[in-house]
Amino acid sequence: MLLEDRTGLRTVQADSPDGARELLVDLNGDVALVVASVDTSEGPDTRLIEGLHGLGLPIMAFGSEGSTDSLARALDAGADDAITLGVPVEHFIGRAAQLAS
């Protein structure tokens, strides 16, 4: 909600990688930025990140402060930025806005 309020970007959420794929189809390419969590039981879905990167979509991966390895894997898979939730929210929103522009 903060991202939407402070950037003007409309935000939508998917609860799974399959849901994200379906959402992308529904949005018909009208996507400015993908924000993907790496905090899953299996780490980041690198196939999803690789596919989104292949479509030319900007991707910001995020995770808890202990997610260093998962954030690195997300970057290797094509995420444009990786950020921990330990940073101030203004930094998170600023990076998201920059990537979306």
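How many bridges join strand 2 to strand 3? Select residues 81-84, which form strand 3: 4 bridges join strand 2 to strand 3, and the two run parallel. Strands here, like helices, are DSSP runs numbered from the N terminus (helices are H or I, at least four residues; strands are E, at least two). Two strands pair if DSSP finds at least two bridges between them.

This is a predicted model: local features need pLDDT of at least 70, side-chain atom pairs count only at pLDDT 80 or more, and totals for chains, interfaces and linings use all residues. Residues are numbered from 1 along each chain as its sequence is written, and side-chain values use heavy atoms, with hydrogens and water left out.

Next, pick Phe62. It stands opposite Ile83 in strand 3. From strand 2 the chain crosses through helix 4 to strand 3, in a right-handed β-α-β crossover. Right-handed means that, with the strands pointing away from the viewer, the path from the first strand over the helix to the second runs clockwise.

Now select residues 59-63, strand 2. 5 of the 5 residues are buried, so strand 2 is largely enclosed by the rest of the structure. Buried means under 20% relative accessible area (1.4 Å probe, protein chains only). Ile59, Ala61 and Gly63 point one way; Met60 and Phe62 point the other way.

Move to strand 1, residues 34-37. Strand 1 pairs with strand 2 in the parallel sense over 4 bridges. Val34 stands opposite Ile59.

Finish at Ser70 in helix 4, residues 68-77. Ser70 is buried, at 16% relative accessible area. Leaving aside neighbours within four places in sequence, Ser70 is in contact (heavy atoms within 4.5 Å) with Val38, Gly43 and Pro44.

Notes: Buried < 20%, exposed > 50% of the residue type's maximum accessible area, 1.4 Å probe, protein only.
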